[in-house]
Amino acid sequence: MEHDKEVDVMEKNTVLSLRGLVKQFDNVTILDGIDLDIRQGEVAVIIGPSGCGKSTLLRCINALEPVQGGEILLEGEPVVSGGKNLPRIRQKIGMVFQSYDLFPHLTVMDNITLSPRKVQKRSREDAEREARELLGRVGLSDKEKSYPRELSGGQKQRVAIVRMLIMHPEILLFDEVTAALDPEMVREVLDVMLDLAAQGRTMLIVTHEMNFARAVADRVIFMDEGHIVEEGAPDDLFDHPQTERARSFLNMFTFESVRAAKQPV
Amino acid sequence: MQALGLDVLFKGKNFLRLLGGLGVALKISLISVALSIPLGILLGILMTRRNRVLRAILRLYLEALRIMPQMVLLFLVFFGTTRALGWDLDGETASVIVFTLWGTAEMSDLVRGALISIPKHQYESAEALGLSKAQMHLYIILPQAIRRLVPLSINLITRMIKTTSLVLMIGVVEVIKVAQQIIEANRMVSPNGAFGMYLTVFLLYFIACFPISLLAGKLEKSFRE
Amino acid sequence: MNAAVLQEYLPLYGKAALLTIRLGILGVLLSILTGLFCAAVQYLKIPLLKTIVRVYIELSRNTPLLIQLFFIYYGLPKIGIRTDPAVCGVAGLTFLGGSYMAEAFRSGLESIPPIQEESALSLGMTRIQAAVHVILPQALSVSVPAFVANVIFLLKETSVFSAVSLMDLMFTAKDLIGLYYDTTEALFLLVVFYLLMLLPVSILGSIIEKKVRYAGFGT
């Protein structure tokens, strides 16, 4: 009885649900049966070596890649590549990419307000009012008339985040959003993401920033070769990885062995 | 066959005559290309020099030849030299002169473009490695410039071949002229000859140019990757 | 050079230039439409139509306008398609120009990285909305230099129109040289009139190009 009730609550609060997801490129299997549930308000961080399929996973969730098996449910509704409901369902999924994907021919303001106006048919005044408010929150109030080429990498990514937030998505996907940034700009973007997490947003983050992952995550997921190998609370997974693969991956981020081997002069 | 005038094509030596006409056109373009490429490389290198006067003169030469239709250039050389210099150029010679002048201009611009496209850090890292100026050009700059240049110069060949069709207008007996002669000669027996003959000439030009374009496209793609 | 001769010939050249300009503009406009259509077919990868467009582009780009005109003007009437010289000139120019414009637009479209469409889609836009608001404005501005070069190229190509007995500038010049031997005057006016037609286009073109580059979107 007790157990059943808990499952029921979990089901209700699940925003995103992946069931046996399989993705292949030319017979190479990239994702091999991924099962994953993301609950309302949860911040899940996916880590893993390059090519483990973590970025592909995010692209599949947004139906930018067709899948060869399994299903994706967003609030119980299937997300299918080529589906008629895609434009509507994608509004519920916010996504920020690694490379700067701002529209270079539009100002910051137009970048942000294009989709609320064209997709959600909101008035220009309404969209611009909210855009200003969001730009203020990420510290870019003075940039609304700038073109993307006039912004630094960190500023571009913050605008990309605002452009996604204005659509009021249910879940936010971040695909290595700081990987292409200069080190001094990484922090300003991560701070915006920490702020979103503190607001209780549902987030699924792919990153190589291990310290950030530990700080922001409710749950860390380690992927390798298309599988979820291990998942758990950040402190457990980072400090006591259960699998050899996770351990050797995490070891790449420390230099303990080098320091130990170094002879005192 | 007869209705479309294709029968004429296989009568007697007609097809061979047509190929001979195409040969004249190809000969003019290949001689012009062979002259244009070295001259264009020379001018292109000069165009990257710092000497402003030299650059202005070369620029003027390039723009002047570019803005005039090649047809006008042909008229200027073919009719103009007779009047101004008293030369009596035959059509083929006039054509080679015009297409070489034009081809040199186009080639020089391609060479200049290829040279300035090489990023500055390539020069800098060559210097940092201690290469001499000559070694830098020979081992670092030229190989990269040439890779970029090869597909573009091959494209110039097809442009040259297509442009050579104009020599008809100053009386050179090339493939279209031969086609006209054959159509005329068979006017009575094959009144529809014009369709078949001009279609054949159209396809002959295509057969001459398409493989070259294809090659240029392939090389360009492999360069980009 | 004889001023009286120049004055006498001036109206003939003026008339010829007007004919060239009229047919040239018409041919360029139709080339743009043809080019947009072909580029759209290739971008949307419409089966069969895509192959036909590819074949057309290769045929058009690998043959000279002169033989295209001869075939339309002297060849096609034999199978019942008769055109007067002006229609033939415009048709030939469009057949040639359509493929050049298609290639300009296509390379513009191809230069836009896929992430642009993907991010538009991920914001909930339809493919059409993404094309109209995100892809096309960028692609068209990228194709401007090639587009300008094509316009000048096509205007220059009109110089072979005399081959299908259109009384254009070349026709007039050749006529006057043949009839009266006023070679110097005839050639002088020929060059002047082509410069009058082509220089403004060329200058305008480079101004537009600069505008696009600097107002430009480039990241």
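Good morning. Residues are numbered from 1 along each chain as its sequence is written, while chains are lettered from A and ligands numbered from 1 in the order in which they are written. In this predicted model, local features need pLDDT of at least 70, side-chain atom pairs count only at pLDDT 80 or more, and totals for chains, interfaces and linings use all residues, with side-chain values taken from heavy atoms, hydrogens and water being left out.

I begin with chains B and C. Their contact (heavy atoms within 4.5 Å) takes 37 residues from chain C and 32 residues from chain B. The buried area, meaning the accessible area (1.4 Å probe) that two parts lose on being put together, summed over both, is about 3,300 Å² here, and carbon and sulfur atoms give 78% of it. How many salt bridges does the rule find across the interface of chain C and chain B? It finds zero, where a salt bridge is a side-chain nitrogen of Lys or Arg within 4 Å of a carboxyl oxygen of Asp or Glu. Six residue pairs between these chains are in polar contact, both residues at pLDDT 80 or more. A polar contact is a pair of N or O atoms within 3.5 Å; within protein, one must be able to donate a hydrogen and the other to accept it, and residues adjacent in sequence count only if both atoms are side-chain atoms.

On the side of chain C that touches chain B, helices H2 (49-61), H3 (65-75), H4 (85-110), H7 (169-180) and H8 (183-214) of chain C each supply at least two residues. Helices (H or I, at least four residues) and strands (E, at least two) are DSSP runs, numbered from the N terminus. H8(C) gives the most to that side, with ten residues.

I turn to chains A and C. Here 24 residues of chain A and 22 residues of chain C take part in the contact, and the two chains bury about 2,100 Å² between them, 63% of it on carbon and sulfur atoms. Which residues of chain A lose the most area to chain C? They are A:Pro104, A:His105 and A:Arg149, together 29% of what that side buries. The rule finds one salt bridge across this interface: the side chains of C:Glu118 and A:Arg59 meet at 2.7 Å, N to O. Five residue pairs between chain A and chain C are in polar contact, both at pLDDT 80 or more. Helix H3 (86-90), strand E6 (93-96), helix H4 (108-118) and helix H6 (153-165) of chain A each give two or more residues to the side that touches chain C. On that side, H4(A) gives the most, with three residues.

Within chain A, A:Glu77 lies in strand E5 (residues 77-78). The side chains of A:Glu77 and A:Arg88 are joined by a polar contact of 2.6 Å. Leaving aside neighbours within four places in sequence, A:Glu77 is in contact with A:Ile72, A:Asn85, A:Arg88, A:Ile89 and A:Lys92.
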